[in-house]
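These are my notebook entries on a structure that I had not looked at before. I wanted to go from the overall form to single residues, one look-up at a time.

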Amino acid sequence: MNGCELTASVTALANAIACRMNPEELTLLAAVLTQLGDTLNTIALRRSLCENTPASGQ
């Protein structure tokens, strides 16, 4: 899947979800998914840093 297809898919998914939720539910879901994305990014960065750090004693 190229970048354009990915963004179009995400947009379609967001629209499908949004039309089934009230504003409060939508706001909560957006906050939860933002936190999920931030946490996944933190985990990925930490893994990357650990992989690029020489092991102690070497």
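The entries below follow the order in which I looked things up.

**Entry 1, overall form.** I note at the start that this is a predicted model, and I read everything that follows with that in mind. I looked up the secondary structure and found that the protein comes to 2 helices and 0 strands. I then turned to the radius of gyration, which is 18 Å, well over the 10 Å that the globule rule gives for 58 residues, so the protein is more spread out than a compact globule. Along its principal axes, the C-alpha trace spans about 55 × 30 × 10 Å.

I asked what share of the 58 residues count as buried. The share is 0%, and buried here means under 20% relative accessible area. The protein exposes about 5,100 Å², and I noted that carbon and sulfur atoms supply 63% of that area.

Helix H1 takes in residues 3-18. Its 16 residues should span 22 Å at 1.5 Å a residue, and because its end C-alpha atoms are 22 Å apart, the two values agree. At the N-terminal end I found asparagine 2 as the cap of H1, with a side-chain oxygen 2.9 Å from the backbone nitrogen of cysteine 4. Alanine 16 also lies in H1, and I recorded it as partly exposed because its relative accessibility is 31%. From the C-alpha atom of alanine 16 to that of serine 48, which is 32 residues away along the chain, the separation is 34 Å.

The N-terminal end of H2 is capped by asparagine 22, which places a side-chain oxygen 3.0 Å from the backbone nitrogen of glutamate 24.

Threonine 34 is in H2 and, with 47% relative accessibility, counts as partly exposed. A polar atom of its side chain lies 2.8 Å from the backbone oxygen of alanine 30. Between threonine 34 and glutamate 24, 10 residues apart in sequence, I read a C-alpha to C-alpha distance of 15 Å.

Which residues form a nonpolar patch on the surface? I found Leu33, Leu36, Leu40 and Ile43, which together have about 360 Å² of accessible area. I kept in mind that an α-helix has 3.6 residues a turn, so residues three or four places apart point the same way. Leucine 36 has its place in helix H2, and its 45% relative accessibility is why I put it down as partly exposed.

Note on methods. Residues numbered from 1 in each chain as written. Predicted model: local features only at pLDDT ≥ 70, side-chain atom pairs only at ≥ 80, totals over all residues. Heavy atoms only, no water. Polar contact = N/O pair within 3.5 Å; in protein donor to acceptor, adjacent residues only side chain to side chain. Helix = DSSP H or I, 4+ residues; strand = E, 2+ residues; numbered from the N terminus. Patch = residues over 30% accessible without salt bridge, like charges linked within 9 Å, V, L, I, M, F, W, Y side chains within 5 Å. Areas by Shrake-Rupley, 256 points an atom, 1.4 Å probe, with all protein chains shown as cover. Salt bridge = Lys/Arg side-chain N within 4 Å of Asp/Glu carboxyl O. Buried < 20%, exposed > 50% of the residue type's maximum accessible area, 1.4 Å probe, protein only. Rg over C-alpha atoms; globule rule 2.2 N^0.38 Å. Expected span 1.5 Å × (residues − 1).
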